[in-house]
Amino acid sequence: MNPSISQKERIISLDIIRGLALFGILLINVGAFKVIMEGDPLPDYSGINGIINTLIIIFVQKKFFSIFSFLFGVGLYIFASRAESRGDRPRWRMARRLLILLLLGIIHVFIFWGTILPVYAIIGLFLIPFYHTTVSTLKKWLMGMTSIYIISLMVKIFLPSQGAVSSILDIFSNDAMQIFIMFLAGFLTAKSGWLTHIQELSKPIRWIQMASFLLFVGFSLWIWNASQSGSSNVDSVTGLGSLPTTLFYLTTLFLLLENKQMVKFLTPISRVGQMAFTNYVAQSIIGTAIISTIGLEVVSPKDILYIAVLIYMIQIICSTIWFKFFSMGPLEKLWRLMTYGTKPATKNPS
């Protein structure tokens, strides 16, 4: 039996998963670093480019930002609970942290138009009322929102052209809804304390893993066929399959990272995840610089793969070196400073 990991190593495990999610997000964002203007050539999706593009849709699109969103929910709850344990006002501190993220995200828009930071900040504000709710209430909200999301997508796929209803379906089946669902899932997971009982919960987690794997395979085949036939439902099918796929990825990673040796092996990736905010912003800067330097007029799926791997290798090296001298990423430090001031608030001495 693999030795169970310690609480400290569980935090490292979260950073590993966050670091892996950043690579998936990078695979989606690289193509957007090059803004296509009217009259510019379009990417080639024939041959190997088409295969790579379809594989990215199947294995990456909507899945890794869902993992990242889940971890954001986990992190936000941990942040608020630690603030409360110091005698601070958790919901007020959450609001301040998210509003600062919104400000920093708006600044990032001028670097990368496709940044997700402002969206995360705004959607995150809707988590504030859930801080003091019970686990049972959180479960009901999560099940309800997930059901609405799934039903909306299924109606769009199987009953298209619903007129005015289509606009409502678009609201309940868009990426913002998926982000909120994953925020809630992460918030619930942290509040329930499940992350500290992975070994005890390994049996039900494995059942979830197997069930979600079967759904993952089914949706992968569906997406492949839809992509090859040029179906207009590819995006909706991808969204529908993203939840079970994300669940499969997360359960697999949580079980895998119960192994100390695996955690040790993937520690360099944890460094990327440990300064995820900095690395997310840096990806857009490095990617834009690379595309500009080599003079790419159009970014094909092959280019996306090469550039993403190059950027990620750079970030693994730089992050590893950074933490030899510092305990926190530069943007994480700035975010913390703007959230707390000079230091976190504590109880007044009695």
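Predicted model: local features only at pLDDT ≥ 70, side-chain atom pairs only at ≥ 80, totals over all residues.
Reader: Why is Ser242 called buried?

Author: Its relative accessible area is 0%. The cut-off for buried is under 20%, so Ser242 is buried. Ser242 lies in helix H10, which covers residues 234–256.

Reader: What makes the pairing of the side chains of Ser242 and Gln178 a polar contact?

Author: The two side chains are joined at 2.9 Å, and the limit for such a pair of N or O atoms is within 3.5 Å. The side chain of Ser242 also reaches the backbone oxygen of Gly239, at 2.6 Å.

Reader: Which residues does Ser242 touch, not counting those up to four places away in sequence?

Author: Ser242 touches Lys62, Lys63, Tyr149 and Gln178. Of these names, Tyr149 is also listed among the buried residues of H6, and Gln178 is listed among the H8 residues that meet H3.

Reader: Why does Pro244 count as buried?

Author: Pro244 has 11% relative accessibility. The cut-off is under 20%, so Pro244 counts as buried. Pro244 is found in helix H10. Leaving aside neighbours within four places in sequence, Pro244 is in contact with Ser212, Leu215 and Phe219.

Reader: How far apart are Pro244 and Lys63 in sequence and in space?

Author: They are 181 residues apart in sequence. From C-alpha to C-alpha, the separation of Pro244 and Lys63 in space is 9.2 Å.

Reader: How do you know what span to expect for helix H6?

Author: The expected span is 1.5 Å times one less than the number of residues. Helix H6, residues 135–158, has 24 residues, and the expected value is 34 Å. From its first C-alpha to its last, H6 reaches 34 Å, close to that expectation.

Reader: What do the buried residues of H6 pack against?

Author: They pack against helices H7 (164–172), H8 (175–192), H9 (202–228) and H10. The buried residues of H6 include Leu138, Leu142, Met145 and Ile157.

Reader: Which residues meet where H3 and H8 are in contact?

Author: On the H3 side they include Phe65, Phe72 and Tyr77. On the H8 side they include Asp175, Met182 and Phe187.

Key. Residues numbered from 1 in each chain as written. Heavy atoms only, no water. Helix = DSSP H or I, 4+ residues; strand = E, 2+ residues; numbered from the N terminus. Buried < 20%, exposed > 50% of the residue type's maximum accessible area, 1.4 Å probe, protein only. Polar contact = N/O pair within 3.5 Å; in protein donor to acceptor, adjacent residues only side chain to side chain. Contact = heavy atoms within 4.5 Å.
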